[in-house]
Amino acid sequence: MNKKELIDEVKYHARLNYETGGWDHIVECLDDEAIADLIGKCSSVRGAIAKVKKYADQCGETRDSIESTIW
């Protein structure tokens, strides 16, 4: 699978999981180049999603932490 296909699969996964963790950040804030950087040298969809999930989880945790201080 080529890099563009992997990026498209990650974006598809992010849209399906928009309300979960920080996947909304992937959809709203990252372009293809940024996703490619996160994917690195992965050659499988599963590996690419796993790598981006680490970043998405961090974004979600950071947002939750910030939101908890508002109230």
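I39 touches K3, L6, I7, V10, A48, K51 and V52, leaving out residues up to four places away in sequence; a contact here means heavy atoms within 4.5 Å. This is a predicted model, where local features need pLDDT of at least 70, side-chain atom pairs count only at pLDDT 80 or more, and totals for chains, interfaces and linings use all residues. Residues are numbered from 1 along each chain as its sequence is written, and side-chain values use heavy atoms, with hydrogens and water left out.

I39 also turns up in the largest nonpolar core, which has 15 residues; V10, W23, I26, I35, I39, A48 and V52 touch the most other members. Such a core is a set of buried Ala, Val, Leu, Ile, Met, Phe, Trp, Tyr and Cys residues joined through side-chain atoms within 4.5 Å. Helix 1, helix 2 (23-29), helix 3 (32-39) and helix 4 each give two or more residues to this core.

Zooming out, the protein chain has four helices and zero strands. Helices (H or I, at least four residues) and strands (E, at least two) are DSSP runs, numbered from the N terminus. The C-alpha atoms fill a box of roughly 45 × 20 × 20 Å along the principal axes. Of the 71 residues, 27% count as buried, that is, under 20% relative accessible area, with exposed being over 50% and partly exposed in between (1.4 Å probe, protein chains only).

| Residue | Helix | Relative accessible area | Contacts beyond four places in sequence |
|---|---|---|---|
| A48 | helix 4 | 0% | L6, V10, I39 and C42 |
| D24 | helix 2 | 18% | Y18 and R63 |

How do helix 1 and helix 4 meet? The axes of helix 1 (residues 3-16) and helix 4 (residues 45-70) come within 9 Å and cross at roughly 55 degrees. That makes the pair oblique, since angles under 35 degrees count as roughly parallel, over 145 as roughly antiparallel, 65 to 115 as roughly perpendicular and the rest as oblique. The axes are lines fitted to C-alpha atoms, for helices over the stretch in contact, and angles run from 0 to 180 degrees between N-to-C directions.
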